[in-house]
Amino acid sequence: VSSMFEAGFKASEPLETFSTWLLVGTAAVASFLITNADKLVPFMGRPGYLTCGALLSFSCLFGLASRIFALRCKIQIETGAAVRKTFAEHLAKHQEEEQKIKESADVWGVSLETGIRLDRVLSEFLAPLPRWVAWLVNRQLKKHAGNPQIGYLPAVKSMQWQGSFASLQALLFLSFLFAGFIFSAAI
């Protein structure tokens, strides 16, 4: 399942590229619309001009939202990969040390608990962060307790939002095109 999540995250980059190019194109068309308002209003009519402007503005707004979620997704993917890599390295070192400690304890006839306490690791990690971050992390941990894929869920959610906003961005740009043709033909 982890491999499937990681492979699925590859879709975020082309979606980000599409959204970026559409945002650039929309902004260029909007600037053309603004600079040529005196020529376009008689051609499209005031309601048509306002409608097209509003559709372009909302398309840009959803494009920015898509870009924000693309950035969040990228950060979550890269951070998760770095944590998995370093955690595996530290776990290997810990297991070596744990084995040595247990062997020494057995010689002395002592029983020791040497396992990793994840709650302590998380509290140490969250200590310097703002309280609201710790609250959000703890809330997500409680909500998804027992789910072995919990590390992938934030990136999956970000990708879903990224795709939704990119779709709305594209639909609004297409709506602008339709509205432009309809209002131009009506005059």
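**Close-up 1. The setting of E16, a buried residue of the predicted model**. E16 has a relative accessible area of 18% and therefore counts as buried, a term that stands for under 20% relative accessible area, with exposed meaning over 50% and partly exposed in between (1.4 Å probe, protein chains only). The model is predicted, so that local features need pLDDT of at least 70 and side-chain atom pairs count only at pLDDT 80 or more, while totals for chains, interfaces and linings use all residues. Residues are numbered from 1 along each chain as its sequence is written, and side-chain values use heavy atoms, with hydrogens and water left out.

**Close-up 2. The salt bridge between R67 and E16**. The structure holds 1 salt bridge (a side-chain nitrogen of Lys or Arg within 4 Å of a carboxyl oxygen of Asp or Glu), and in the pair formed by the side chains of R67 and E16 the N to O distance is 2.7 Å. Because R67 belongs to helix 4 (residues 46-108) and E16 to helix 2 (residues 12-35), the pair ties together parts that are 51 residues apart in sequence; helices are DSSP runs of H or I with at least four residues, numbered from the N terminus. R67 is partly exposed, at a relative accessible area of 28%.

Close-up 3. Searching the whole structure gives 0 disulfides, a disulfide being a pair of cysteine sulfur atoms within 2.5 Å.

Conventions: Helix = DSSP H or I, 4+ residues; strand = E, 2+ residues; numbered from the N terminus.
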